[in-house]
Amino acid sequence: MMVEVFKTNVNKRRQASRLLDAIHKAFGNHKANFDLDDCDKILRVQCDSGTLCAKSLINFLNDLGCRAEVLTD
């Protein structure tokens, strides 16, 4: 299992819900959720099988009008 955490510019629950639907449709083996209460508007993505390509997910979100970057320590 792989988990990646992203910092985003998402601040509305409706937008987050639409993005989650799109992620789940496009990346079938990924589970995702937002923490909009966090100052970094966190997106957590988990992949139970295969690999999680952060760059592909960032590009996908960019195409949907969302900025995202891998959150580092």
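These are my notebook entries on what I looked up in this predicted model.

**Ground rules.** I number residues from 1 along each chain as its sequence is written, and my side-chain values use heavy atoms, with hydrogens and water left out.

**Entry 1, helix H2.** I looked up H2, residues 54-63; I take helices (H or I, at least four residues) and strands (E, at least two) as DSSP runs, numbered from the N terminus. I find Ala54, Leu57, Ile58 and Leu61 buried in H2, where buried means under 20% relative accessible area, exposed over 50% and partly exposed in between, with a 1.4 Å probe and protein chains only. Seen down the axis of H2, the buried residues fall within an arc of 100°, so they line one face of the helix; the arc is that of the directions from the helix axis to the C-beta atoms. On the other side of H2, I note that Lys55 and Asp63 are exposed. The cover over the buried residues of H2 includes S1 (2-8), H1 (13-26), S3 (42-47) and S4 (68-70). After H2 comes glycine 65, with a positive phi near 85°.

I place valine 70 in strand S4 and find it partly exposed, with a relative accessible area of 29%. Setting aside residues up to four places away in sequence, I see valine 70 touching Glu4, Val5, Phe6, Ala54 and Ile58, a contact being heavy atoms within 4.5 Å. Between valine 70 and lysine 55 I read 8.9 Å, C-alpha to C-alpha, although they are 15 residues apart in sequence.

I looked up the partners of S3, counting two strands as paired if DSSP finds at least two bridges between them. S1 and S3 pair in the antiparallel sense over five bridges, and valine 3 has glutamine 46 as its bridge partner in S3. S2 and S3 are also antiparallel, over six bridges, with leucine 43 in S3 as the bridge partner of phenylalanine 34. S2 and S3 form a hairpin with six residues between them, and in the turn lysine 41 has a positive phi of about 50°.

Leaving aside neighbours within four places in sequence, I find that the contacts of phenylalanine 6 include Leu43, Leu57, Ile58 and Val70.

Which backbone atom of lysine 41 lies 2.6 Å from a polar atom of the side chain of threonine 8? I find that it is the backbone oxygen, and that the side chain of threonine 8 also reaches the backbone nitrogen of valine 10 at 3.2 Å. I count as a polar contact a pair of N or O atoms within 3.5 Å; within protein, one must be able to donate a hydrogen and the other to accept it, and residues adjacent in sequence count only if both atoms are side-chain atoms. Threonine 8 lies in strand S1 and is buried, with a relative accessible area of 9%.

Notes: This is a predicted model: local features need pLDDT of at least 70, side-chain atom pairs count only at pLDDT 80 or more; totals for chains, interfaces and linings use all residues.
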